[in-house]
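Hi,

Here is the model I promised to pass on to you. Please open it alongside this email, and my notes follow below.

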Amino acid sequence: MLAAFIVVVVGLAMEYKQSGSLDGVVAGLLVRNTIDQLERGYTDVIVALVNAVEAKDIYTRGHTQRVTDLAVQIGDELRLAPDRLRVLSQAAMLHDIGKIGVPDSILNKTGPLTEAEFDIVKEHPVRGHSIIREVRSLQSALGGIRHHHERVDGTGYPDGLAGDAIPLEARIFATADVFDALTSVHTYRDAWPVSRALDVIEADAGRGLDPVCVAA
């Protein structure tokens, strides 16, 4: 909430600096059909939300941006249109937003999670979906947020979707997410070499991960 408030204050200050008057600030806020202004504010809100999650979860710090960068690279390799790459990027930035409702003691636990604790963590895609679904401009990102822990063999969560029933964005996130998880340092293990991580991902193609995304 504090981060979002700061974003608003900084935005108003920048508008005042550009216009030089309070009238100019009001005029700037009332501009219609100015895509650049909308996207600028839109990105700031996304970053503020991500910062709120990363303040809670030590592991998530940096993870979100790395997954986003890799997801966009995979999408580009799959020749997705620029508009779809933009949606992919926005959804990737928000894919773990539901973790804001997971207790810090679970997010930052140094040992293995109990079954009950893992059940709480597994709620984060649905919680993220609930947070974002009221934002009209983010409707296209909902599938990726809710379904990024589904598996192509139907054994994932929260809805047990399989194959192409899983949105492509979610299948891309899953691949990028696993790669970053394996190649990042955790409290309970060191980062794996890239070659080892790729071997694991390739072995899971067609079972948990989408073979097309893995190949990309």
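Contact here means heavy atoms within 4.5 Å. On that basis, among the protein's contacts with a separation of 6 or more, 57% are between residues 24 or more positions apart.

Some housekeeping: this is a predicted model, in which local features need pLDDT of at least 70 and side-chain atom pairs count only at pLDDT 80 or more, while totals for chains, interfaces and linings use all residues. Residues are numbered from 1 along each chain as its sequence is written, and side-chain values use heavy atoms, with hydrogens and water left out.

The protein has 12 helices and zero strands (helices are DSSP runs of H or I with at least four residues, strands are runs of E with at least two, and numbering starts at the N terminus). Of its 216 residues, 37% count as buried (under 20% relative accessible area; exposed is over 50% and partly exposed lies in between, with a 1.4 Å probe and protein chains only).

Now for a helix pair. The axes of α4 (residues 63-77) and α5 (residues 82-94) come within 9 Å and cross at roughly 155 degrees; axes are lines fitted to C-alpha atoms, for helices over the stretch in contact, and angles run from 0 to 180 degrees between N-to-C directions. That makes α4 roughly antiparallel to α5, a label for angles over 145 degrees. On the α4 side, the contact is made by Thr64, Gln65, Thr68, Ala71, Val72, Gly75 and Asp76, and on the α5 side by Leu85, Leu88, Ser89, Ala92 and Met93. These residues divide into six nonpolar, five polar and one charged (Ala, Val, Leu, Ile, Met, Phe, Trp, Tyr, Cys and Pro count as nonpolar, Asp, Glu, Lys and Arg as charged, and the others, Gly among them, as polar).

In the loop between α4 and α5 sits arginine 79. Its phi is near 65 degrees, a positive value in a residue other than glycine, and arginine 79 is exposed, with a relative accessible area of 78%.

Which residues of α8 (residues 124-132) are buried? They are His124, Pro125, Gly128, His129 and Ile132. Seen down the axis of α8, these buried residues fall within an arc of 140 degrees, so they line one face of the helix; the arc is that of the directions from the helix axis to the C-beta atoms.

Proline 158 is in the loop between α9 (142-147) and α10 (168-182).

Best wishes

Technical notes:
Angles under 35 degrees count as roughly parallel, over 145 as roughly antiparallel, 65 to 115 as roughly perpendicular and the rest as oblique.
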